[in-house]
Every structure is written in C-alpha cells, then in structure tokens.
Amino acid sequence: MTKPTRTSRTRDEDKLDTTTSPESAQLYDPDNQDLSQGRTSSLNRWDTPWFNWKLISGTAIVGIIVLIGIFGRFLWDTELVYVGKCPLNLPPVGFENSRGQTGTWSHPFGTENSGRDMLALTIIGAPNSLLVGFAAATIGIGIGILLGFISGFIGGLTDDLIRLLAGITITVPSLLVLIIIQSLVEQIGLFTMATLLAVFAWPGPALVIRGQVMSMRESGYVQMARLSGASPLRIMFGEIMPNLLPYLAASFIGSVSGSILAAVGLETLGLGPQRVPTLGGTLYFALEAAALLRNMWWWLGIPIFILSLIFMGLLLINLGLDEIANPRLRKATE
Amino acid sequence: MPTKIPMLLELSNATKIYQQRNGRTKQAVVALQDFNLKIAHQPAKIIAIAGESGSGKTTLANLILGFVQPTSGQVIYQGVQVSKISKKDQGVAEETEDISIANSKQMRDYRRNVQAIFQDPFGVYNPFYRIQHVFDLVIKNFGLSDNSDQARQLVESTLNAVGLRGHDVLRKYPHQLSGGQRQRIMMARAYLVRPKLIVADEPVSMIDASLRASILDVMLRLKEEAGISFLYITHDLSTAYQIGDQIYILYQGSVAEKGKVTKVIERPHHPYVKLLVDSVPLPDPAIRWKGEIDLPAEEEMRGSATSGCRFYPRCPVRIDRCLENQPDLYDVSDDHQAACYQI
Amino acid sequence: MNTKVSQPSPTTNLLEVKDLRVYYETPGGDILAVDSIDFELKEGETLGLVGESGCGKSTAAMGILQLVQPPGRIVSGEVRLQGKDLLTLSEGKMRQLRWSKLALIPQGAMNSLNPTMRIYRQIQDVILTHQTTGSDKLSADQIKNRILELLRMVGLPERIYQMYPHELSGGMKQRVCIAMAIALNPSLIIADESTSALDVVVQRVVAQTILRVKQMLGVSMIIIGHDMGLMAQIVDRIAVMYAGKIVEIAAVRDIFNNPSHPYTQLLIESIPSLKEQKPLKVTEGLTHDPRHPPPGCIFQLRCPIVTDQCRSIAPKAHLIRVEQSVACHAYENTDVARTV
C-alpha cells in the first residue's frame, strides 16, 4: 500500500492521522459522510495519485534523453556530427565490422559511411526529434483548445464551421499531404515541419474538448458561476479548463507521439530538414546506403533503439496520466 | 401622489411554451401558463411552490433566475422588467403594460438580490477546487470586499449562521463533506450577498428524510432573523406544510390551488390537491391509503394541454364545462383560491 | 428466572440472517458497512429496512444475494434461505437461485433498463437467463403470455410490451422492474429504494402495486428505504439500521407507537407531519468515521441518554416484548427473554 507523501504544502489541519483518497470516500456513500469531524485530512494536491509508477518511469526515460541532449554538447564534440569528420564505417565499441576494424572509444557508437559519428548524431538527433514532437503538439493542442472552447461554448454557426473544418482535416490523408508539401518546398527547417504537423494534430483534441465543454457547460457549478456573475471567459478558463487538465495532458502526450512518428516518417523518406541532423534523417541515409547489406547494423539499429525508447517513455507517461485522470483504472489497494 | 412601493418580485401572466420535435411532428408543450405571483419586500415569507414532475415548477425557477425567458408575460423586479421577449415570440406576445426594461445596473442589482440553491448538492461544486472557491467567486464578482481579512470574517460569520465553521469546511474538497453540509454551504453562499430572495429548488429532496430538518431550519432562521424571503420549490407536501407561509400547487403548468398553507393542506378543494394530500403516506400504520387509484397511461394526460382543465382525464368530478375552458382561480375563503368549477 | 419466549406463530422462517458482516477494504482500514446483523423473515411477511444513507442497508441486501464486489467482502455470517446457507453455495448454484428464488429490484433500477431494447425483450431476457434447466423451459408462446400476464399484474397496459424504456414515465419503468422481479415467481423479493425518485401520486401507485403483488403471489419482501411514512403504509415489520447494525426490530405498529431505541425515536420525531405545524427536529448525520467506530454502542455520539456503560460495552439485543427487540442498555432490565 502506498503511503501518502507529505510535502511542504501540508498545513496544520493536514497533519491528522487517517488520510482519505478520493476513491475510498466514494466507496462508502459520500453523500452522507460527515468526515470533517474525527480523523481525516484534506486532500493535498500532491498526494498519492500523482506518484504513479508508470508516470515516473516514463518521465524518467524521456527526461534522460532530454538531459543527454542538453549536457551531451558539453561532454562530446558535436562537430563530429558533420560529414567527413571521422573515420568511415567504424562499428560500436566491442564489435567488429565486415572489414575487420574494431570499434574504439573515440567513437563508441560507431560511425557511418559519410564519416558522421553516431553518438554525436544521437546527442543532437534525439532531442531534435523530441523537439519536433513537442512543438507540433503544443501548437496543435493550442489551436485545439482555442477552437474547441469557442466551438463548445458559443455553439451555433461558429460551432458548425469549426466542426466542418475539423472534419475535413481529419479525413484528408495527412501523410500524403505532408509528403506533397514537403517535396515541393526546397529547404525545410525543424520549426516549419512542426507547424505543418500541427495543422493535422489539432482536430482530434478540438473535437473532444468541444464535447467536454458542451457537457460541462450544463453542469451545476457552471450555473452557480453564472449566478455569481462570472464572465464567460472566467467560466471557460476558471471553471471548465481545470477539469480538463487531465485529458489535456494525456492528449498532449499522445499528440507528441503521433507527431514524432509522422516526423520520422517524413524524414526517413528524405523529406525532413536537410541541414539539421535528425534520427529519421539518419535512417534515410542508412537505407540509401543499403546499410544492412554491408552489415552495418548499428547505423539503423541505434536510431531505431533511441526512437523506441522515446515512444515507450511517452506511452508510459500517457498510461500513467490516464490512471490518474480515471480513478477506476487504479488498483483497488493503491 | 404617493409613489407605490413596488413589489420585490412579480410574475405577470408568465407563460413558457417549448417547441418539441417528436419525430417528424412539432409539438408545443406548455410548461407554464399565465402564472401570476407577487412577492412583497416585507414581511419576509416562505412561499412554497409544490407540484409533481411536469408541473412547471422547475420552469418557474428558471424564469425567475433568468435561465430561460418567458414566451409571453413578464418577470418584474422592483418595478422594472428583467425578462426579455425574443424577437420571434414578439408577434405572439400580448400587449404588455408600460413597464420599463431594466438597465444594466438594475440587472446587476437583480442578480445580486435573487440567489438560488439547487437540488443536487454535489453537481454545484467544481470538483477541482476546495470549498473556499465557492465563496471567492461570489466575493470577487459582486465586489463584496477588497480586504482579504474582512472577506474571511464575512465568510466565517455567514458559515456560522448556517451552523458550520470555516475551519471545518473551507479547506476541504466537496467529496469529503456530507450532502447536508454541502447544501448548508450553498445556503451560506447565497446568504453571503445578503439577498432579498432565495429561490430554493428542491433543496432537500436528495438528502435523507431524517436529515432534512437541519436545512429547512436554516431557511426558517434566515427568514426570521435576516428577513430573506424564500421561494421553496418542492414535490414534498409535508415539508412545504411545515415551513411554508403561502403555497401554490401547480398541475401541468397551471395553478390548481393557492393560498395560506394551512388552509390549502388542511382543507383542499381542488380534486387534484385532494388526491395529492390523500396520497402522502401518513406515518401511522393504523391509517392506510383508502382504495386504490388508477393512473391512466401517462401519454394521454399530456394531450389535453390545449383547452380545458388539465386535470380532466383524471378528475372524479368532471363535467362538460371543464373540457371547454380552463377554470379561473375562484375564492374559497380569505387567502385561499382553487381553479375548479366544482367548488 | 429463566424465561425464554418462543416464536408465537407457527409459520416457518423463510430467511434467517445471523451475524452477517460485510466490510469494505480501503487504504485507511476496513469500513464496517454491515457489522453483525441478525434478523428473520417469515413466509409471506414484508420487512422494512430503514436507515440513513450509508447505514449499510443496501450492502446488506447485496450480502444476502452474494453480489458483493471487491473491495467489499463478506467476512462472516449465515444467510439461510429455507434452511440452506446461501453463503456456502458456489457461484453457479447461487446464480440458479437468483431470480428464481430470490429477486432484487436494485436502487435506480428504472434508470438501468436497456434503452435499446424493447420492454418485452428485457423481461424475456430475465426469464430465459434464470429459468431452471430441464422440464421448466417455456416455449416462446408461453413466454409471451407470461410477460403479458406480468404486465397485467403490475397494472400496466398491454401495449407496453412493444415500447422502449424512454417512452415510459418513471412510475411505469419502476413497475416494469417489479414485473421483472416477479417473473419467475420467487419466494423473496428485495426492493431497494423503489419509490425514492417518484412523485407522490406515482409513489402511491407503485407502492400499491407492490402490495397487490404480495397479496397475489404470497411472496415475502424486504423493502429498503428511508421514508418512514411509506414504510408505515406497506410493511409488517421494521428493522432500523444505524452504521451497520440493527438497533431495533419490531412490528410496524410498535415502531410507531412505542419507538424504543433512541435512534428510532429520533427518526419518528423527524418525520414532518401533514396534520399540524410544529418545530422541526434538527439532527446531524453519521458522526463517526466508519472505519473507526467508537468502542461500545455505535450510537453513543448522538444519543441523548448515553451513559458510561454505553461508551465501553456494546449493547445486546433485548427483547422487550413479543417480537420487539432493541439494542440498547436502557432496556436491559425489561428484557423479556433474560437468560441467567
């Protein structure tokens, strides 16, 4: 059984012995429980639910990759990521390539056939992939929140128009459109790609938020806020938005995953940013050079492994957030 | 010429008709028909509006609180009209008297002086926030106090008036309190702005029967000690009888009987009200319901809404005249009227 | 003196519940939802189970039917239906008994009707699922006739057969649920808050339907609720529950004319009268943490006649007259069944 965690935000009243988590109160008919007397404590916002193992491990994985990106620059020579800086085709440390060369510690992840160092590629490329994902998801969710709220709260013609737009965007095959756009454009930067991906990321969240807003709009506490004279803006962001946070967080992470996947897909096809080293771009070059035929498994393997880690981390975060938002998924003894 | 002191709240021939689409046919449902009500500033009274589901009592509450607008008729607060008639209903509405429409200051005043308490003691709380938030919203939006100490004092005294202490409840989340406590907090919230009228829409129907008295007691005390009038909307005749001064009994949108609560309940004249009073289960095993009553299939009952007395299909003493015209309210005695031709 | 009062009436007990305990597991400890209750139900009798929300009455019903879900669990007890202990039966055997011998009309049943199925199909489902195997199987025609017969018994017109739940009013839906409960002619029906959400007149119609059904079929019933007025009208005996324990159990006339346990007295006093206006009896709700009940009498925190003895020793059930037993120390000396 997990013990509740106390943080510095505990106040005097909270120092009572028995703690109540929301679910245990629900089990025994909350509607007539006077738990204010006797031994209970008020729920601290940083209490048990947030310290969920899935959330923690997922965040750890993603966190490590981010840290590698931030600090790797200081620990490793990032110039090695460019063409021709290193000996060619070296395998990772401890392995031998088809030419009989062994890996060295000066290039622990090996190199590829243009002389790029794999470790440097990992240090620069992995964070870049994350960056694209986060940027696209942020912009996408941002648009989604805006349009979802407007649509749900105001209704009427505006709602119809936004829904139409969302419907069209969902139906159009995104990868196809992205391929077409990106192949027409000569040079593409990371940020531009993120924006393009965002264009396809917003409808999902927008429609769900719209639905939630529409149902919460009729709820008792929104009526009370209206009776208290609160303005529509204050109702939207003060009353409705906080209850959407768990959904928004989970949706955001899901969007990040999806965007990274789309980005990697585009990069692997050679449509990614040319000047910026990315994991997908590495895959492109590896496939171009028929890496597997040359037994250069590390050229494909390492980017794929890093990407798998990223997706796994994001998935764990998502599952963890889901459990927090939906108490029924938590184990009964938690 | 002395100026007449206006009523606190007046409903003048308020009617609400909903257009319902039933498959392909459009059906007009009359939720409330020509409803009249006058509430004076003094003395503070508890006016009970009793009726079953479909009687129009919820529509009445919504009209008074401004959640819906009347199809015709007016809601008048201190002499000015606070209801709006939508453009599409204007052709249908009758000629209204020359009553000025409220400006925004008067509307704010209206919002402040007419507060509400609802049936569900849980849904009215935002689960994300602690109880404190409920009071913060009111203080901020009505500008009750700039000083946080003063605000805290105000909230504490208001909570004490309903029998609670800030220390016990303010830091808690809604799910940690009982239904009774939550309703009392809602009372405190309504009382915080010192309104003149509180519309209580079924405030105790979701609370256990044995615990209702504590909420009703708060209402009585607020009326007697703070001079606040209540519009107590309920389907429970017993509690209406215990705390009400006046009662209006609604049946399918019209008033069946109204007057002083003791007169109406102890000597009902309208056949529906007689049936209602008879059907309340008496807590005495020696006195059981006499005879079985038959309820005709529910759909038939709504059909007669267009003309004649609504109660016709179920009335044991109906005559032909009842089918032609809806009866007006006839005087039974002083402060007691019933809408029936047979009295 | 060793007087033992024996059961005066010769009718057998349909249901005997002894020391039933149902606890819910929570991080802070077990919630003692039902904490050792004992009662008997004779054939053809209607027992009313009253108490505030959270007193354990619904849990007791679930316990009897063995429908308790984790984190709740049946800790101990015996539930004998016609002599057989239900708590020792396997789930398979229990399922055979449910609905055919024991039926439940759960709380909010009328809102749990399947909105996509016509009424006849829902009643049909009940019959087909729970009818016992072998020669008892009914043909399609027989089932249809049975459904129409059930609808007639609860006073619903025949055309309800084809309708969908949303086309019916609350009272009609509730009567459909009653029809489903009597479909296989059970010996015992448990009705949990069957009239709570209904209007006064509709409530009377549903209550009278329950009475009529009882007369026609001779079925025994347990009616769970919190409206004392309604109980006075339809039950034979009342068991009053507080915080998981039965504090008083007596014939309905005795409960109203001689309420003995302080809690029963409080309940009776707080019924708002329709006959005269009088001051309201204000009372609080459950005052202790259900996971840590105080030692001694469960009602001590609210009792107006509490003594030191109450605070340390839990009272036994004292039989103060024929078929009225009260769990309160104040009646220790008037116990008719005192054994040395």
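A: Before the contact itself, a definition: two residues are in contact if their C-beta atoms, placed from the backbone, lie within 7 Å. Please also keep in mind that this is a predicted model.

Q: Switching topic: in what order do the eight strands of the open sheet in chain B run?

A: The order is β6-β7-β8-β3-β9-β10-β12-β11 in chain B, with mixed pairing. At the edges are β6 (114–117) and β11 (330–333) of chain B, each of which pairs on one side only. On average, neighbouring strands of this sheet are turned by 20 degrees against each other, if direction is ignored.

Q: Which helix packs on it?

A: Helix α6 (residues 179–192) of chain B packs on the sheet, where it touches β6 and β7 (197–201) of chain B, and the direction of α6 makes about 175 degrees with that of β6(B).

Q: And how do β10 and β12 of chain B run where they are joined?

A: Strand β10 (residues 254–260) and strand β12 (residues 336–338) of chain B run antiparallel and are joined by three bridges. Within this pair, K258(B) has Q337(B) in β12(B) as its bridge partner.

Q: Now the backbone: where are there cis peptide bonds?

A: One joins Q42(B) and P43(B), with omega about -10 degrees, and P43(B) lies in the loop between β2 (25–39) and β3 (46–51) of chain B. Another joins P70(C) and P71(C), with omega about 10 degrees, and P71(C) lies in the loop between α1 (57–64) and β4 (72–81) of chain C.

Q: What about phi of Q66(C)?

A: Phi of Q66(C), which is not a glycine, is positive, near 60 degrees, and Q66(C) also sits in the loop between α1 and β4 of chain C.

Q: A243(C) has a positive phi too, so is that residue buried or exposed?

A: A243(C), with phi of about 45 degrees, counts as buried because it has 25 C-beta neighbours inside 10 Å, and the cut-off for buried is 20 or more. A243(C) lies in the loop between β9 (237–242) and β10 (245–251) of chain C. Q66(C), with 17 such neighbours, counts as partly exposed.

Definitions and conventions
Residues numbered from 1 in each chain as written. Chains lettered and ligands numbered in written order. Predicted model: local features only at pLDDT ≥ 70, side-chain atom pairs only at ≥ 80, totals over all residues. Helix = DSSP H or I, 4+ residues; strand = E, 2+ residues; numbered from the N terminus. Buried ≥ 20, exposed ≤ 12 C-beta atoms within 10 Å, placed from the backbone. Pairing = 2+ DSSP bridges. Axes fitted to C-alpha atoms, helices over the stretch in contact; angles between N-to-C directions.
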